[in-house]
Amino acid sequence: MRIRPAGDAMLLVEFEPVIDPLVNQRAIELGRRLRARAVPGVRDIVPGYCSLGIHFDPLRTDLAALDRAITEDGRGAATVETLPEPAVHEIPVVYGGAGGPDLQAVADFAGCAPADVIERHAGATYRVYMLGFVPGFAYLGRVDARIAAPRRRVPRDLVPAGSVGIAGVQTGVYPAATPGGWQIIGFTSVVMFDAGRTPSSLLVPGDLVRFVPR
Amino acid sequence: MSLTGWLRIVRPGLLTTVQDLGRWSHQLEAVPVAGAMDAYSHRLANHLVGNAPEAATLEVTLIGPELVVDADTVLAVAGADFDLTCGGAAVFSGTAFEARRGAVLRFGRRHLGARAYLAVAGGGILTPPVLGSRATHTVSHMGGLEGRALAAGDALPVAAVASGPANRARGLTLPTGGRARLRVMPGPQEDWFGPRAWQALTSVSFRISPRSNRMGYRLEGPPLEHARSGEPISEPVTMGAIQVPAAGAPILLMADRQTAGGYPKIGHVITADLCLAAQLAPGEFIEFDRCSYREAVAALIARERELMAQMTHPREGGAAR
């Protein structure tokens, strides 16, 4: 674990640079412990795949104390050797058709039938490593290597909310209509993000997700 | 503070949005922070009318709006220097003024700077907060008025305040000559770049591309070559980060940035200088100077002292009419 300044208003805690559930869990656990301390001046704590961003107000933060807290909680987080019992979400998906225009393209990439793509995508349990891109967008991994089609060469100007996509070994659900380059294989009517509920995002780092064909 | 009044938008200007100090503590859910690009001028405008720093203001961009003040209130503008009239009479940036119900506030010619902040006494723009903030993030349609830039015919709730403090301030020293020098702290992915990239970053003027916005400034200049291939694993990012995609054209992340990014970052513009970046327009130039963390903190303390000094010497008497 390494603590580095990313400018004068964020510390970046870097773990081993790999996409791995246990490393990711340590970053999440460090974030949980630091959040519980409510260090004055800290205004956001954000886990990445294998890092933790700690945003702070430089004029209201005792940086030496924050650094000590990170080091101390980091030692605790580093002892995480097993994954806690996570929340498991089942997300119903209508694969293919108008809501999954790239299902055939992914099948072509994989050299299999669309039904096999569905079976492989829905056959796995995915971990929420982090959120990013737009509110409520969770990066899920890992997708079966056989169907891990790269992003579309030309992104779409508008991907509808609820679209389920693949980009390499990542999969995810678009919470809102945005431009996007992922291969869209299905659609869900589950509301991924709603600013009016707590938490706003259905998925948070560390959760597990299963897609259920409808 | 008494009855609620309205600010009605007659002409919206180029990009006028409701902003505050940002929507913090929800980045775990990928909710962007947004907020005023120039927090210094936003805070100063609020101070001029007696508001708390986090009260929502209108951020005005390059071409200002025309508004009808549908309440007796006290207003102030800080930041970019525009010709201003209220009820037909000239009013001035950096000085609070009273506006009578029905008065038209008009932003005219812009002389210097890119973004001005309009503060309204009695707590600012009172649109409903979303996740604890009124800041508008247009990309995710969140905050402000329906998550979008203001349009003709919009009405914004404000408090009605008959009279207010008579504060006056010089304001931020705006960049002149269409350029600013910004200080940059290296890292945390400095090792993705060779000495030539740092040499280029700190020796050449970068032009702010027309394809720049509140999310980020695309910078045109010599490519900043990566010293290694591939990309770092996506990680949290912050305002001021200078991220460099493989093609080498840097992007300076600003208020509406996403919460995480996967491009290597050669450095970060220091917090003290972000207000200057916010006052530059597309087509203008940035020169970067390398600085240390210690220098960054010293610069921020100096900037804060300067702002505090402006806030503690109000002019006596009633607000200008």
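Which residues of chain A do ring pairs link into a cluster?

## Basis of the model

This is a predicted model, in which local features need pLDDT of at least 70 and side-chain atom pairs count only at pLDDT 80 or more, whereas totals for chains, interfaces and linings use all residues. Residues are numbered from 1 along each chain as its sequence is written, and side-chain values use heavy atoms, with hydrogens and water left out.

## Aromatic cluster and pairs

The cluster linked by ring pairs consists of A:Y49, A:Y129, A:F133, A:F137, A:Y139, A:Y174 and A:W182; rings of Phe, Tyr and Trp (its six-membered ring) pair if their centres lie within 6.5 Å, and planes under 30 degrees apart count as stacked, over 60 as edge-to-face and the rest as tilted. Over all chains, 11 aromatic pairs are found.

The pair of A:Y126 and A:F211 is tilted, because the ring centres are 5.8 Å apart and the planes stand at 55 degrees. A:Y126 is buried at 0% relative accessibility, and A:F211 is buried at 2%, where buried means under 20% relative accessible area, exposed over 50% and partly exposed in between (1.4 Å probe, protein chains only). The rings of A:F137 and A:Y139, with centres 5.1 Å apart and planes at 70 degrees, form an edge-to-face pair; A:F137 is buried at 1%, and A:Y139 is buried at 14%.

## Charges over rings

The charged end of A:R127 sits over the ring of A:Y129, 5.7 Å from its centre, and B:R228 lies over the face of B:W192 at 4.0 Å from the ring centre. The criterion is NZ of Lys or CZ of Arg within 6 Å of the ring centre and within 35 degrees of the ring normal.

Technical notes: Chains lettered and ligands numbered in written order.
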